[in-house]
Number of protein chains: 4
Amino acid sequence: MTDFFKGIEPVKYEGPETTNPLAYRHYNPDEVILGKRMEDHLRFAVAYWHSFAWEGTDPFGGRTFERPWFDGGMDAATVKADVAFDLFALLGVPFFCFHDADVRPEGESFAESKSRLDAIADVFEKKMAETGVKLLWGTANLSSNRRFMSGAATNPDPDVFAYTAATIKANMDVTMRLGGANYVLWGGREGYETLLNTRLGQELDQMARMLSMVVDYKHKIGFKGTILVEPKPQEPTKHQYDYDVATVYGFLRRYGLEDEVKVNIEVGHAFLAGHTFEHELALAAALGIFGSIDMNRNDYQSGWDTDQFPNNAQETTLAYYHILKAGGFGTGGTNFDSKLRRQSVDPVDLLHGHIGGMDTCARGLKAAAAIIEDGTYDAFLNERYKDWQGAEAQAMLKGDRSLEEIAARVEHEGINPPLRSGRQEFLENLINRFV
Amino acid sequence: MTDFFKGIEPVKYEGPETTNPLAYRHYNPDEVILGKRMEDHLRFAVAYWHSFAWEGTDPFGGRTFERPWFDGGMDAATVKADVAFDLFALLGVPFFCFHDADVRPEGESFAESKSRLDAIADVFEKKMAETGVKLLWGTANLSSNRRFMSGAATNPDPDVFAYTAATIKANMDVTMRLGGANYVLWGGREGYETLLNTRLGQELDQMARMLSMVVDYKHKIGFKGTILVEPKPQEPTKHQYDYDVATVYGFLRRYGLEDEVKVNIEVGHAFLAGHTFEHELALAAALGIFGSIDMNRNDYQSGWDTDQFPNNAQETTLAYYHILKAGGFGTGGTNFDSKLRRQSVDPVDLLHGHIGGMDTCARGLKAAAAIIEDGTYDAFLNERYKDWQGAEAQAMLKGDRSLEEIAARVEHEGINPPLRSGRQEFLENLINRFV
Amino acid sequence: MTDFFKGIEPVKYEGPETTNPLAYRHYNPDEVILGKRMEDHLRFAVAYWHSFAWEGTDPFGGRTFERPWFDGGMDAATVKADVAFDLFALLGVPFFCFHDADVRPEGESFAESKSRLDAIADVFEKKMAETGVKLLWGTANLSSNRRFMSGAATNPDPDVFAYTAATIKANMDVTMRLGGANYVLWGGREGYETLLNTRLGQELDQMARMLSMVVDYKHKIGFKGTILVEPKPQEPTKHQYDYDVATVYGFLRRYGLEDEVKVNIEVGHAFLAGHTFEHELALAAALGIFGSIDMNRNDYQSGWDTDQFPNNAQETTLAYYHILKAGGFGTGGTNFDSKLRRQSVDPVDLLHGHIGGMDTCARGLKAAAAIIEDGTYDAFLNERYKDWQGAEAQAMLKGDRSLEEIAARVEHEGINPPLRSGRQEFLENLINRFV
Amino acid sequence: MTDFFKGIEPVKYEGPETTNPLAYRHYNPDEVILGKRMEDHLRFAVAYWHSFAWEGTDPFGGRTFERPWFDGGMDAATVKADVAFDLFALLGVPFFCFHDADVRPEGESFAESKSRLDAIADVFEKKMAETGVKLLWGTANLSSNRRFMSGAATNPDPDVFAYTAATIKANMDVTMRLGGANYVLWGGREGYETLLNTRLGQELDQMARMLSMVVDYKHKIGFKGTILVEPKPQEPTKHQYDYDVATVYGFLRRYGLEDEVKVNIEVGHAFLAGHTFEHELALAAALGIFGSIDMNRNDYQSGWDTDQFPNNAQETTLAYYHILKAGGFGTGGTNFDSKLRRQSVDPVDLLHGHIGGMDTCARGLKAAAAIIEDGTYDAFLNERYKDWQGAEAQAMLKGDRSLEEIAARVEHEGINPPLRSGRQEFLENLINRFV
C-alpha cells in the first residue's frame, strides 16, 4: 500500500445499524440474492478518470485537488496506478474501468502515446494479477485533446478520423490483453456545436464506418467482450449523435449493427435526454441492446453533467428491478462514472463517495429482488394486459386482422370500452413498501 | 360569408412598408422564388382544431372564447365549417387540416360518430369545390376522449385498440374522399404516464401493428398521399413513444416501415425534445423520412406545448433553408398547428395570428432562397468537408480500409492533424446578412 | 356516510410490515416524535379542489372521472361536501382546505356566487362540528373564471380589480366564520402571458395594494390566522409575479408587508422555479416568512405542474428537517395540493394517493427527528462554521472592520487560507442512514 | 500594433449591403438615434477574460487556442495587454472590462498578486491614454482560485472572507485609478453546492456585510461609479445567492442597500433563471436598480452558461426598447461577456464574434428607436391601462378604498367586467415591423 490512504482500513460490511461512516451498511458481497452473490449481481467498477485523473476543476475554477501524481510523467502515472489499486482493494470492488488519457501522459506523437499506454498496461497486468481486480471495460478518450475539437470519427478532416481509428485500435488491444469484459465507445465530440457548419448525414456515415471497423476488428482479434456505445444527448457539444437509447438503436439498425453492439446507459445522461434511467433500461431491454450501466446521477436542476454518486435507494430499486427482469448483467456491470464534488478534497472523500454509492445500489438491488419475490407487482402487470391473451386480441396483434375487419367488428358489436384505473398511486405505494 | 368576421376584408399583399395590420408584408403568393411560386413553396394550411374548436382553456382556467358554435350539435358544426372556410378565404390559404373531433360532435356510439363525420365531409366537399381550398391532411383525434386515457393503439385493453383502428379507418376514408395530400398519425396518448404500469415492449408492438395496418389499408384503397407520424417527446403523457425524429426512425426500421412512413415535424415538439427545429429537419432529410411541418413554435422557457404562431424570421430562415435543400415539400406543407393566446378573444385575432405567422414564414423562405442563390454558405460547407473527397479518405469511408491498416498508416506517417477554425461566428453573421 | 366509498373502512395504522394497501404503514397520529404527537407535527389537510372538483382533464383530453356531483347545481355541491367529509373521516385527517370555486357553482352575478358560498359554508360548519375536522385555510379562486384571464388584482381593467377585492372579502369572511387557521393567496393569473402588453411596475403596485387591503381587513375583522402568499414561477402565465420565496420576500419588503405575510411553499412550484423544496423552506425560515406547505411534488422531467402525491421519503426527510429546525408549523400545516393521475378513476384511488402521501411524510418526519436526536449532523454544521465565532471574525461580521482594515491585515499576516473538505458525500451518506 | 491580428484592418461601417465580413453593416458610431450618437447609446465594451484569458477549454476538453501569452509570467501579461488594445482599436469600441485574474498571473502571496495587478494597471493607464479606450468596469475574480471553492464572502472560513475583502479593495483601487465607470461584483461562488453543508442565513449575512463594506469604501475613496451586482441562478454552484433581479432586490432591501447598488444583467443568466432578458430589464427598471448589461446570449437548449455573442436582432430590439424606456444607460454600457466557440481558434474569429454582436445590437437599437418614434406601440399600452386613470380606480390604487368598500360597490353595481383581447399576436406583428 502507498500512504495516500494512510490510516484507512479496508471497508467491511457492518450492517444497517453501524455508525461507522467507513463501513458498508448494505453492500455485503457474499449475501445471496435471488440465488446469486450480491457481488456477482452488481459487478461494481471504479472509474479511473474521475477518481484519479480529474483535478476538481469546473468551468469557473481551477484545480482544487492536490494529488502527488498531477503534473508528472510516466513515474507519476505509476504512482497513480498504485493508489488506484489501493482504492480498489480498500473498497473490495471486483472491477475497474479506464481510458488511455487517464492512465498515461499524452506523448509527442501517436507512437509515443501508444507506447506509454502499453507500458502502463504492463503495470496494470501485474497489479491485476496481484489483487484479482478485473477490467470491466476499456475505452479511448476521444474528447479531451484538442485534435478532437470538431469530432473524432465525425471530424471534417479525414486525418482526425484516421487518428481516431488508430487510437481505438490501441485501446482495444490493451483491453483485450487485460481481459476486459467489454469495450466502450462514448462519442464525446461526435455531434456538433452548430448545425451551421455541419453535414449531419456525412458525419453519421463516418461514425457508422468507424463502428463497423471496430466490430470487424473485435472479431478479427477474437475479443469476446461486448462492444458498447454510451448514449448522451448534449454536452460537450450542443447535439450529440448518440442522444439516447432510442437514437442509438435507430443508428445501429440503419447500419446493420444492432446484433453486434449494445448500450452502456448512464443515469445522468438519461436524465439530460429527458428520460428516467429506468425508461432507458426498459427500452434497451425491449430492443435487445441492454449492456451495462454508469451509475452516476445528475442533479435534477442542473443542466450539465454533474456525475454524482447515487444516493437515492428508490431510484436504484427501479433500476435494478429492470436489470433483473432483463436477466441481469451479462458482461456488463455497475460502473461509477461519478466524481467527487470539487470541495471534497481529502482522500477519505473518495471512500465516502464510493461507499455511499455502493450501499445505495445494494439497497436498491435487495428491494428489487424483494419486489420480484413478493410477486404482487408482476401479477398486477399480468392482470393489466391479460386481455391481450384473448384469441381475437392475439389475431389483431399478430397481423391476422385488417383495419377494415376490425372496424367492421367495432361497428357491429358496438364496442365502447369501459375505463379501468391505471392505479399509479397504488403502484407507487407498493414499490415503496420494499424500498 | 357569415358575419363572424364582419368588416374584415380579404388579406392582400401590400409589401414591407405597409402599416395595415391586416395586410401581408412579406407573403406574396405569386412571387417567384427559386423558380416556383411562393404559395407552391410554402403550401400553407390552417388547422381546424386550434382555430375553431379550442375554447381558450388552460389547466387553470375555463373557456375564454365565445363562438356561436360552441355547445351545439350538428347544426353548430355546420356553422363552424362556414366560418372556417370564411377564414381560409380571407387569408387566401390553399389548404386546411382537421381531425374528426374538431369537425363533428361525438356520437353516442362509434357508428353515430362515424356517420356525423361523413355528414360533415359532405359539407366540406361542397365548400372545397366552391373555394378551391384543399385538404393538406386529415387525422383522427385519439387523445381527447376518455376512452383513450391509457393509450389508443397502445392501450392495455384490446377493445380500445380495435376502437382506434375503426376510428383511423373512418378518418382515412374521409381523407381519401376529400383528396387529402397526406394522412397524419399523432400518438397523443401513445406513451405512458408511469412506467410502473406499463409493458413498454408490448405497447411498441401494438403501435407497430396499427401502423402496419394503416399502411396496408392505404395501399388497398389506393390512397396516394403520404402517411406521416408526428413526433413529440412528452405531454400529455410523461413519455411518448414518438419522442423525436431519431426515435421514430428507429421504430420504423425495427418494424420495416421506413419506406412507407415519413414524419410531420413540429417546431415546438422539436424544442421540447431538446432539439432545434432545423436539427429535426436536417436529420429527417438525412434519414429519408422528411414529410411535412407544423410551424408552431414553443415559448423557450415554458415546459409545455405553447403552440404559438412563428414570429422570428431568423428561425424560419434556417428551417426553410433545410427544407429547400431537402428538395422542398413533396405532398407536405406548412401547417399552423398554432393557437391564439387565450386572451386573444376577438375574431380579428385569428387574422393577426395567421398573418404574422405567414409573413414570418415568407420572410424566412426568401432569406433561405437568397442564401442558396448567393452560394457563399454552401461553398463554405463544401470547403470544410473537401478532404473527404480524397482517395484515401474515400477508401476509409467506403469500407476499403480496416482499423489496423489505418492505425498502421497513422503511426507510419506520424499523422498529427492541425486545428481548423469551425467559424461559427462567421457563419452566424453570414446567415444574418440574409435575414 | 354516503356510498361513494362503499366498502372502504377507516384507514388505520398497521405498521411497516402490513401488506394491506389501505392501512398506514408509517403515519401513526398519536405516536410522539420529539415530544409532540405526529398528527400535531404534520397537520395534514386534504385539498377540496383536486380531490373533488378536478375532473381528470388535461390540455389534450377531457374529463375521465365520473362523479355524481359533476354538472350539478347546489344540490350536487352538497353531495360533494358529504363525500368530501367522508374522505376526511376515512383518512382521519385533521384539516381540509378549499376555495370558493370548488365548493359551489358560479352564480349569474357576484351576489349570487357569494350567497351560494355562504350556503355551502353553512353545510361545512355543521359537518365540521360533527366530525371535528378543521379548516387549515380558505382561499379565493381567481384564476379559473374567464374574467381573470388578464389577471385578477393585476388586471388592466380596474373593474376586475374590484371584483377580485369583493371575492377575496367573501372568502375571508367565510374562512373567519369557519375558524380557518390561515388565509392563502395564490396569484394564478398575477403575471403576464407576454411582456409586450404589460406594464410590470403598474401591475406590481396593483398587487401590493390588494395585499395591503387584505392585511387591513384581517386586522379589522380580528382574523387571527396567518395571511399566506403561495409562490409559483410560471404556468398558467408565462411569468408569475410570485415567482419564488426570494421574489415574494422582495415584494413584501418593497411594500412594507414582510411582518404581516408569510409564504405557503409548494414542492412542485419550488422545483419549477429551479430550486429544491428544502431550499425554499430554509430560505423562508432565514427570512422569517415561513408559513405552511403544499406537499405535492412535480415530475422531474415535466415542465408543467404535475401535482403528484409525495412518494420519496428522502425528500420528505430533508423537508421536515428544515421545518423542525424552523420551529415546526405555527398556524401552517401539510396540505396535499395533489391530484390523482387522470387514469386513476376509481374512488379507492383517492385513498391510495393520500395514504401513500401521508406515509411518505410520516417517514420523513421520523427520519428528520432521528437526525436531530442523533446530533451528528448538527454538530458537523457547528464545526464547519465555528471559526466565525472568533473575535476578529465576529468583528468583521458585525461591521466593526472596514474593507481597508481587513485588507491591511491580510497583507500583514500573509493570510492564505488552507482548503477544507466540504464533505458532501459524507453528509449524503449520513442523512441516508436515517431515511 | 503587434502582429497578432496581422493583415486585419480597422473595422469600418460599410452599410447593410456590404459583403465584407470584416465590416460593420449596422453599427455606425456617429449615426444619431433619438438625438444621441449610436456609440453613446450602446457604450460597447470588450471583456478581457473571455477574449484574452479563456483558453478554449470545456469540462470535457483542454485548451484549443494557441496564444503567445499563455503559460507566461508578467512579460506575457504585457503582450496580452498589447494584443487586447489592438483588438479594441480594430473594433473601435469605447470601453473594456477586466478582472484581476485575467490581466496578471497569480502571485505567491496576496501582496505579490496585488503588486502585479498594480503593475499591469500602469500598462493599462498608458495604453488607455494613447488610445482613448476607457474602462467600463473593473471587478475581482473570486471564483477561479481554489481558495474560493466554498465561497468568497460566504465562505465558512472567515480568513477567506478577509482575503476576499482585500482582493476587492485592490480591484476597487485600480478601477478608481483607471477611471472606471462602474465596479461589478459577481458572486461566482456565493451560493452552495449542497444545502446539506450550508447555513444559508449566516452566509447571506456575510455577503451583505461584504457589500456594505464595498459601499462604504466607495464613498470613502470618492469613487463616482456605480456598484453593480450581477445576478446568476446557478453554475458554478448548484444555487447562487444572486439568483435573479428580484432576488438581488430583496437582498438589497433586507440590508438597506437598495439605493446604493444596481444590477448588471446578463442575457444568458436571465435565461438560465427562467426569465427573458427583457423581463429582467423591465423589472430592474421598475425597481429602480437597472445599471448595465452583459450582452451574451445562452443557447436555448443548453443548461449551462454558453456565453455566445448575440445574433438575433428581434431579441436585441426588445432589450434596447426597455433600456431606452428606462432612460438609457447611465454609467452602464453593453459589455460582451461572450466567448468564441472553442473551435474558433483563429485571431480573426475574435473579429467575427464582436462584429456580429455589435451589428446585432445596433440593429436592435435602431429598431427600438423606430418603435418609440412610431408611437403605435406605446399608444396601445396607454390605451390598455387607461381605465386606471379614472377617479375611482385611482382611489383604489392609492389606498383610499378598503376591501369592504370595494366589495360593497361590486355587489351594489353588479359589476361584471367584459373581456378585452390581450392582442398578443397583433403586438408581436407590430414589433416585427421594425426588426
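Predicted model: local features only at pLDDT ≥ 70, side-chain atom pairs only at ≥ 80, totals over all residues.

Trainee: How many residues of chain C are in contact with how many residues of chain D?

Mentor: On the chain C side, 98 residues are in contact, and they touch 98 residues of chain D. Together the two chains bury about 8,400 Å², and 65% of that area lies on carbon and sulfur atoms. Charged partners take part as well: the rule finds five salt bridges across the interface of chain C and chain D. In one salt bridge, the side chain of C:Lys220 meets that of D:Glu404, at 2.3 Å from N to O. The interface of chain C and chain D also has 30 residue pairs in polar contact, both residues being at pLDDT 80 or more. If you look for the element of chain C that gives the most to the side touching chain D, go to helix H7 (residues 200-221), which supplies 13 residues. Sorted by class, that side of chain C holds 49 nonpolar, 22 polar and 27 charged residues.

Now turn to where chain D meets chain A. Here 33 residues from chain D and 33 residues from chain A make the contact. The buried area is about 3,000 Å², with 49% from carbon and sulfur atoms. Within chain D, the residues that lose the most area to chain A are D:Phe60, D:Arg146 and D:Gln343, together 26% of what that side buries. Six salt bridges are found across the interface of chain D and chain A, including the one between D:Asp58 and A:Arg189, whose closest N and O atoms are 2.7 Å apart.

Technical notes. Residues numbered from 1 in each chain as written. Chains lettered and ligands numbered in written order. Heavy atoms only, no water. Contact = heavy atoms within 4.5 Å. Buried area = accessible area lost by both parts, 1.4 Å probe. Salt bridge = Lys/Arg side-chain N within 4 Å of Asp/Glu carboxyl O. Polar contact = N/O pair within 3.5 Å; in protein donor to acceptor, adjacent residues only side chain to side chain. Helix = DSSP H or I, 4+ residues; strand = E, 2+ residues; numbered from the N terminus. Nonpolar A, V, L, I, M, F, W, Y, C, P; charged D, E, K, R; others polar.
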